[in-house]
Amino acid sequence: MSRTSDVSPHEGPRTEAYPTSSHWGSYEVLVEDGKVVGARPDPRDPDPAPLIGNAAGAQHHPARVARPTVRRRWLDGGPGPDPRRGDPDDEYVEVDWDTAAELVAQELGRVHREHGGEAVFGGSYGWGSAGRFHHSQSQLHRFLNTAGGYTRSRATYSHAAVEVLFPHLVGATGAHALLERAPTWPAIAEHTDLIVSFGGLRRSNTWIASGGRAAHTAVPGMRAAAERGLRTVSISPLKDDTIDEMGAEWLPAAPGTDTAVMLALTHVLFEEGLADRAFLDRYTVGADVVRRYVTGETDGVAKTPEWAAPICELPAETLRALARRMAAGRTLVNVGWSVQRVRYGEQPLWAGLALAACLGQIGLPGGGFATGYGSMGRYGGGATPGGLPRFPKGSNPVDRLIPVAHTSEMLLRPGEEFDFDGERLTYPDIRFVAWSGGNPFHHHQDLARLTRAFGRPDTVLVVETHWTATARHADIVLPSTTTLEREDMAASQGDLRLNVMRRAVEPYAEARDEYEIYSAVCARMGLEKEFTEGRTAEEWMRHMYGQWRARQHEMFGADLPAFDDFWEAGGVDLPGRVDDEAMAAFAEFRQDPVGSPLQTPSGRIELFSATIAGFGYADCPGYPIWLPGEERIGSSRSRRWPLLLLANQPQGRLHSQQDMGAYSASLKVQGRAPVRMNPDDAAARGLSDGDLVRVHNDRGSLIAGVRVSDALRPGVAQLSTGAWYDPSAEDVTCAHGNPNALTDVVGTSRLAQGSTGQHVLVEVEAYRGDPPPVRAFTPPVPVPSSS
């Protein structure tokens with residue numbers, strides 16, 4: 001089904017261009033003699049992501065998994081806990097595919113027979129492929145459901161507090177609207193006077209969308225809005241968290257103090273009679289509870305700008321003036337996802353919603369509350385109410401779950417109870433871990449603890465393209481094809497187009513598609529028919545497209561092309577797409593709160609939630625309050641670890657994907673992850689740009705390379721996530737610069753139990769001596785199976 005375009009008429013190797021899609025957008029890969037030699041942007045993309053520069057280096061890198069491989073200690077000793085799992089010097093044995101499939105089938109069957117489906121953990125985070133069919137999470141979960149079920153994870157590392165909190169405050173449909181139907185940038189340009197963004201509007205985040213974007217529209221939208229008069233206030237420790245063209249006013253609040261800022265702004269609105277009492281009375285419950293708290297009636301402490309100033313380190317008059325500006329025009333309050341990835345991360349979200357409610361503009365075009373601008377490329381990019389083609393996962397007969405950020409705790413603490421969203425749950429006793437399409441040794445916190453956790457199950461199976469740190473913690477590693485080695489179709493929610501993804505090169509060594517891998521295992525378990533339903537991969541894509549096409553016709557009367565015509569054309573525009581939606585989320589609710597109530601107990605926005613209050617969580621009571629975390633400048637912990645490290649999303653890659661690629665490598669310092677420091681902080685430690693440093697705290701240490709920048713406020717350092725975890729050195733936890741060597745596994749609160757890896761207190765000092773080599777990209781050398 002492949003089709004290419006010739007781009008090299010000159011003499012020499014023929015260069016062909018293959019259109020493809022990734023989570024960082026649509027582009028073309030250039031192939032010569034069966035090898036990817038480069039990439040170029042899709043000419044229709046107004047803001048192509050430079051991440052495409054990683055494609056060639058990653059595709060044929062020696063870190064690719066070549067053949068099915070089994071850890072020697074597991075192969076010889078059989079299943080069981082092993083504290084040496086993850087040892088950088090462990091031995092591996094290559095086996096043939098028949099042997100590998102039989103080993104997986106036997107072990108998965110044993111665990112189900114002896115311990116039940118709840119002893120199997122399906123660990124896939126879904127970022128492995130942008131394709132709708134070769135979607136790693138869907139493939140793995142369908143396989144595990146077919147085999148008898150598994151314990152699943154809930155919520156995301158990105159925005160768990162959003163996912164768990166907002167259904168209580170605005171109902172499930174309202175929470176969905178906040179994430180999927182935010183006003184577009186053209187709508188903001190038309191209607192919004194001021195956007196106040198907590199956490200900035202970071203450009204590199206807009207390159208990323210789950211499923212990819214046919215065209216990156218966020219940055220052009222920001223520019224157009226600024227040209228039409230939009231004013232922006234960025235409350236962030238990073239000055240460059242917004243693009244220059246927006247001319248943003250930078251308020252460098254101390255990290256982790258956003259809630260205090262919001263409460264002070266709310267206090268001004270109430271104190272000066274600027275709060276929209278009519279809106280609060282008609283559309284919310286609990287406004288008086290919030291008012292009593294911010295005015296000090298509840299606890300004797302008025303949350304004035306003077307109260308907030310020493311906490312957030314912004315002048316009181318600056319806060320007071322901002323509140324007045326927000327009340328004077330159409331204002332959009334945006335709370336980025338980074339802001340809630342901290343201890344008590346529910347509070348800035350709730351306080352931001354209360355602030356927007358006091359302004360009275362929720363439900364109006366271009367006003368109200370948002371969470372996600374500058375956090376992902378699809379946010380504010382329109383809506384696709386007709387949905388996208390999907391590979392069915394089947395039904396999971398096991399009703400056990402954990403918050404995704406509790407993966408290590410689940411493995412280390414079987415049988416222990418924990419709180420989550422009003423329930424008292426118990427960690428299952430996991431014996432078999434199956435992982436595909438994700439790398440917890442990127443996402444998770446406290447990686448040394450995660451290594452100990454991975455030593456506890458009987459068996460760890462990883463299906464992967466490369467020898468990631470997760471693959472290095474597996475007993476059985478099965479080589480998967482990359483997106484460039486198979487055919488698929490891709491689009492994201494709110495996208496412009498469903499794109500064809502064409503195979504560009506043949507599979508590396510013995511790599512296979514995940515569908516083929518799981519089909520083979522199911523065949524040995526007598527479940528092949530249940531898993532495949534008698535379809536090949538191509539037949540599944542035709543079936544998925546056909547179902548989706550029929551749904552579009554039913555919903556919109558759209559007469560879409562048949563599959564063969566769709567494939568020949570390279571894609572199809574998405575019907576029913578709302579790409580210039582002037583009406584904000586909650587427009588119907590605002591127009592008729594009685595006829596279109598929210599799915600909350602009151603039918604209104606719950607600024608006070610009796611449900612959450614009834615849970616009795618001291619770390620997340622029934623209304624927004626100021627709860628200072630320990631990983632914060634000025635805390636008692638900061639006396640020992642004085643720098644606040646921001647572990648934000650990387651510019652050079654998606655999460656940890658293709659970290660060995662050319663663009664990602666170009667941003668490193670002496671082959672290590674770059675840590676940005678304010679000039680004053682660097683000078684105080686005798687550090688210069690380009691130096692190697694040891695970044696450390698009481699949880700771990702790492703080596704990074706200094707980049708001195710005045711785009712950070714003093715007291716703050718920035719080290720993005722995603723450097724492949726390298727525990728091979730004796731004197732540091734990670735020789736490559738992964739900040740999750742330092743972060744804590746504590747949850748946001750007992751409500752959402754989200755990740756808190758965004759902020760961590762550290763010290764930075766010059767690295768003394770010869771630095772150890774980076775071994776993160778050096779794959780293990782398999783030993784002969786007969787040895």
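Helices (H or I, at least four residues) and strands (E, at least two) are DSSP runs, numbered from the N terminus. This is a predicted model, with local features needing pLDDT of at least 70 and side-chain atom pairs counting only at pLDDT 80 or more, while totals for chains, interfaces and linings use all residues. Residues are numbered from 1 along each chain as its sequence is written, and side-chain values use heavy atoms, leaving out hydrogens and water.

1. Asp-421 has a phi near 50°, a positive value in a residue other than glycine. Asp-421 sits in the loop between β16 (417–420) and β17 (423–426). With 16% relative accessibility, Asp-421 counts as buried (under 20% relative accessible area; exposed is over 50%, partly exposed in between; 1.4 Å probe, protein chains only).

2. Glu-313 also deserves a look: its phi is near 60°, again positive in a residue other than glycine. Its place is the loop between α12 (305–312) and α13 (316–328), and at a relative accessible area of 41% Glu-313 is partly exposed.

3. Strand β2 (residues 15–22) has seven of its eight residues buried, so the rest of the structure largely encloses it. A hairpin of two residues links β2 to β3, and Ser-22 stands opposite Gly-25 in β3.

Key. Pairing = 2+ DSSP bridges.
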